[in-house]
Structure formats: structure tokens, C-alpha cells
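Here is a briefing on one protein chain. Look through the sequence and the structure first, then read the points below.

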Amino acid sequence: MVDRPAQAFLLPGPVKMDPRVLEAMAAPALNHRGSAFQEALEELRVLTQTLFGTRGPVAILSGSGTAGLEAAVTGLVRKSDAVLNLVNGKFSERVHEMCQVFAHPTALPFEWGTAADPARVSEALDAGSYQAVTLCWNETSTGLTNPIEGIAKAVRKHDAFLIVDGITAVGGLENHMDAWGIDALVVGSQKCVAAPPGLSAVALSQRAYDALHSETSFYTNLKAHVDGLLKGDTPYTPAVPLFLAFREALRQLKAEGLEARIARTRRLADACRAAVDALGLRLFPERAFASDTVTAIRYPTGVDDAKFRKALWEGHRTVVAGGQAQLKGKIFRIGHMGICSFGDLEAGFRAIEATLAADGHHRFSKGAGVEAIQARSRSS
């Protein structure tokens, strides 16, 4: 049991939640086929469209972001279809592994920490015939945002479906899914929306909705979830408390304003990068493609990942994420999406600075990271 709450909870998901979101989960039992929940679902449908910036079909599924991605893949491709998977991190790699179950995928790899190149995507599409292309818009494992507009343009020219993992992008990065031509865009509840984990939402283009099938899915039958939501219903028993918490988090996002939240997230990212520079640390990804929702930072030589993050928690009640797969032990990651504040960043970097100093790393002036954040906060 955790004896005290975190002073700075800076995971790249799940993220900290507003008390009103937590309270929404404590509502008395509700008939999920009754009128009250039907009204909640209709409000959720409209709020979800606002989140995605679309008037097109949307679905909400009981299941994490991976469930939403599986629903999109199984709804738009068949076992015999060729799929091109753009892979430059752990989560894009996971989608490739998913497609190995449901289709005939080809991986187009890029070095981790470098962006997917639209020109190479065009070349690959010229060389083969693909039903769909998958992209992880914001690769959380490396702190990198892929150039989605250019990639979408290349995919449109070849008339393939573009299926996008937007799990740490939607609600935190500028999004024009309709104008860009994204066919399926997936978000997870526990990221930029700042709701509990356990739900995913999918937005579709009209041509993608018209092409949906259910040959390789049952519970994740995307058409059933889209059509059910239009009627104020769900095809199976929903995770009612999570739906209510998701609604409250979306209400808060609407009150703040989607553009305002995206702008605030951008300012937080800029402040985080300024603090990294002030402490003499280095980003992991190409700086031009550094994410605005999660920052991946290389460890200085000699810093042990497990000891560092343990010291952050035990000494400062601060939580950050480590690296994954081949980056395990080489980087740590800071999430600054959802309802993260400048105060959260200041507390986090005060702890990071103290922990590095205690470990013998003194290549910065005391308070340099926090001062950099405060300077960005004053100028925003």
C-alpha cells in the first residue's frame, strides 16, 4: 500500500486525475440499459467527437488503447490483406505484432529516436500494394512525434487506409484528422484526457466506416460499437464507472478548451526541454521531432535507472517512467499531458536535480532546472 501520495506524478500515462474525475467513479450502481446511462452515452458521443475534432463516426470501448487499435485493425483489414507498419519504437512495434495475427504485415523500420520519413513511406507504397498503413503518431517509448501530415499525404495518394495510434497524441497535439485524411484514430482514456485507464475511443472517416467488417472480431467489432453509441447503447456490458469518469474528464477538457489544453501542453513541453538543457542532460529523440506530451531523457553516464527512480520516489515522492525494450536503463521519461501543471514540473525537476546531485552529478547550478521552468511559465 502507498502510504503517501506522489508529490509529482509524471508518468506518460496513466496521468494524474482531477478529484472530480475520481468522484465520478464512485456513483451508485447504474442500469447500463436505462435512460440515465443512455443520456450519458449521447453526451459522451458528442464530447468524443469534440476531442477528435470530427463530426464523423466514433466509438468508445471498454478496453485499453490496445483494444481500440485491435478494433480498428480487425475492422479494416482481413487475413489476406497486406499492411505496411511504420515501426520506430515499442508501441509501433506492438501494432506490427498485432497485425501479424490478423493480416499480412510488412514492417518499414526506422531507427528508434528518428522520425518516420514520408518519402520512404511513399517509396514503400510505390513498391507494393497495401490495404492499410499503421502509424504511431506519438511514439511514447522514445518521446518522439512522427510527421503525421506528410505521412497521411503519402498514404492518401495510394488509396490505403491510414490507421493511427494517437493514444498519447489526441487531446495533447494539434489534430486535423479529417483534413489530413486519417481513416482510424485511436486514443486511450488515461493519457491526454486525464481519465482512468481502461477505455479507448476510435474515430473513423466515413469511407473507413463504410468498409468495416467483422470477419476477425467479436467483442471488438468496431461497427457494433459505433452503431451502438449512435443509439445510446453499447453492444456488451460497459465499464460504467469508467464511462462516467471519462465523461467528467471530457467535460473538464471542454471547459478548458481543446486548443487551450494543446497550447498549455506545448508550453509545458518547452519548459521541460529547457530544464533538461539547464541540467546538461540530453533528449533521446531528434530534437526537431521531440514530443509535446512526453519527454525522453538520456541518463548521464554512471546513473543506474532502478536506483535513480527508487530514490526519486523514496526521497521525493516523485514518479517518472523508465525506458522500455532496448532503451531499458538508458533513458527516463516524463509525461506532461492532461492536467499536468508548471507546478508539477517544478516539483519533478527539483527532485530530479537533488537525486542527480546526491549521485555525484554536479554539472549544473543548483536550481537551474526549476529556474528554467519558472522562466518559461512567466513568459507563457
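In which sense do strand β5 and β8 pair, and over how many bridges? Strand β5 (residues 132-136) and β8 pair in the parallel sense, over five bridges. Two strands count as paired if DSSP finds at least two bridges between them. This is a predicted model: local features need pLDDT of at least 70, side-chain atom pairs count only at pLDDT 80 or more, and totals for chains, interfaces and linings use all residues. Residues are numbered from 1 along each chain as its sequence is written, and side-chain values use heavy atoms, with hydrogens and water left out.

**Whole chain**

- The protein chain has 14 helices and 15 strands. Helices (H or I, at least four residues) and strands (E, at least two) are DSSP runs, numbered from the N terminus.
- For 380 residues, a compact globule would have a radius of gyration near 21 Å, and the protein chain agrees with 21 Å. That radius is taken over C-alpha atoms, and the globule rule is 2.2 Å times the number of residues to the power 0.38.
- The C-alpha trace spans about 60 × 55 × 40 Å along its principal axes.
- Of the 380 residues, 58% count as buried. Buried means under 20% relative accessible area, exposed over 50%, and partly exposed in between (1.4 Å probe, protein chains only).
- Among contacts with a separation of 6 or more, 72% come from residues 24 or more positions apart. A contact means heavy atoms within 4.5 Å.
- The protein chain exposes about 15,600 Å², and carbon and sulfur atoms supply 51% of that area. Areas come from the Shrake-Rupley method with a 1.4 Å probe; for residues, only the protein chains shown count as cover.

**Strand β8**

- Five of the five residues of β8 (residues 161-165) are buried, so the strand is largely enclosed by the rest of the structure.
- F161, I163 and D165 point one way, L162 and V164 the other, and all are buried. In a regular strand the side chains alternate between the two faces of the sheet.
- The bridge partner of T134 in β8 is I163.
- β8 also runs parallel to strand β9 (residues 184-188), joined by three bridges. V164 stands opposite L185 in β9, and D165 stands opposite V186.

**Strand β9**

- β9 is mostly covered, with five of its five residues buried.
- Both faces are covered: A184, V186 and G188 lie on one side, L185 and V187 on the other.
- Five bridges join β9 to strand β10 (residues 199-204), and these two run antiparallel. A184 stands opposite L204 in β10.

- Two bridges pair β14 with strand β15 (residues 331-335) in the antiparallel sense. A321 stands opposite R333 in β15.

**Backbone exceptions**

- Most residues other than glycine have a negative phi, and most peptide bonds are trans.
- The peptide bond from G13 to P14 is cis, with omega near -5°. P14 is found in the loop between β1 (8-9) and α1 (19-24).
- A194 has a positive phi, near 65°. A194 is found in the loop between β9 and β10, and counts as buried at 3% relative accessibility.
- A325 also has a positive phi, of about 55°. A325 is placed in the loop between β14 and β15, and is partly exposed with a relative accessible area of 43%.
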